[in-house]
Amino acid sequence: MKCMHCGGAMERGKMPFHVDRGGIHLTVDEVPAWICQQCGEPYFEERAVDTIQAMIRALDKETQNLAAAG
Ligand SMILES: [Zn+2]
């Protein structure tokens with residue numbers, strides 16, 4: 001696997017992942033990713049992205065509950 005930006009070698013590692021969505025700001029400190037050893041560009045695997053999307057869906061739901069409670 002090579003970096004799509006610079007063609008550098010990719011290595012397994014962990015990267016933080018940030019999501020800003022409406023009033024929700026989610027940061028996951030350590031998400032498994034492939035990281036370019038040359039330019040540092042991370043590529044997140046589908047499984048990690050799916051998991052984060054599930055977290056966002058859960059947050060959305062709870063945020064709606066919170067709004068309803070007000
Ligand atoms: Zn690169």
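These legends walk through close-up views of a predicted model. Local features are taken at pLDDT of at least 70 and side-chain atom pairs only at pLDDT 80 or more, while totals for chains, interfaces and linings use all residues. Residues are numbered from 1 along each chain as its sequence is written, and side-chain values use heavy atoms, with hydrogens and water left out.

**View 1. Confidence along the protein chain.** The chain averages a pLDDT (the predictor's confidence in each residue, from 0 to 100) of 92, and 100% of the residues score at least 70. Helices (H or I, at least four residues) and strands (E, at least two) are DSSP runs, numbered from the N terminus.

**View 2. Four cysteines around the zinc ion.** Here you meet the protein donors, Cys3 (SG), Cys6 (SG), Cys36 (SG) and Cys39 (SG), at 2.2 to 2.4 Å from the zinc ion. Donors are N, O and S atoms within 2.8 Å of the metal (3.2 Å for Na, K and Ca); water is not among the atoms, so sites may look incomplete. The angles among the four donor atoms run from 101 to 117 degrees, and the site is tetrahedral (four donors, all angles between 85 and 135 degrees). Along the chain, the donors follow the spacing C-x2-C-x29-C-x2-C. Cys36 is buried, at 3% relative accessible area, whereas Cys39 is partly exposed, at 40%. Buried means under 20%, exposed over 50% and partly exposed in between (1.4 Å probe, protein chains only).

**View 3. The open sheet.** Three strands line up in the order β1-β2-β3 with antiparallel pairing; two strands pair if DSSP finds at least two bridges between them. At the edges are β1 (10-21) and β3, each pairing on one side only. From one strand to the next, the twist averages 45 degrees.

View 4. Eleven bridges join β1 to strand β2 (residues 24-36) in the antiparallel sense. Met15 stands opposite Val31 in β2, and Gly13 has Ala33 as its bridge partner there. Two residues lie between the strands, and Gly22 in the turn has a positive phi of about 60 degrees.

**View 5. From β2 to β3.** These antiparallel strands share three bridges, and Ala33 has Phe44 in β3 as a bridge partner. The hairpin has five residues between its strands, with Gly40 at a positive phi near 85 degrees.

**View 6. The helix across the sheet.** Helix α1 lies across β1, β2 and β3 and runs at about 180 degrees to β2. Contact means heavy atoms within 4.5 Å; axes are lines fitted to C-alpha atoms, for helices over the stretch in contact, with angles from 0 to 180 degrees between N-to-C directions.

Note on methods:
Four donors count as tetrahedral if all angles lie between 85 and 135 degrees; four count as square planar and six as octahedral if opposite donors are over 155 degrees apart and all others between 65 and 115; anything else is irregular.
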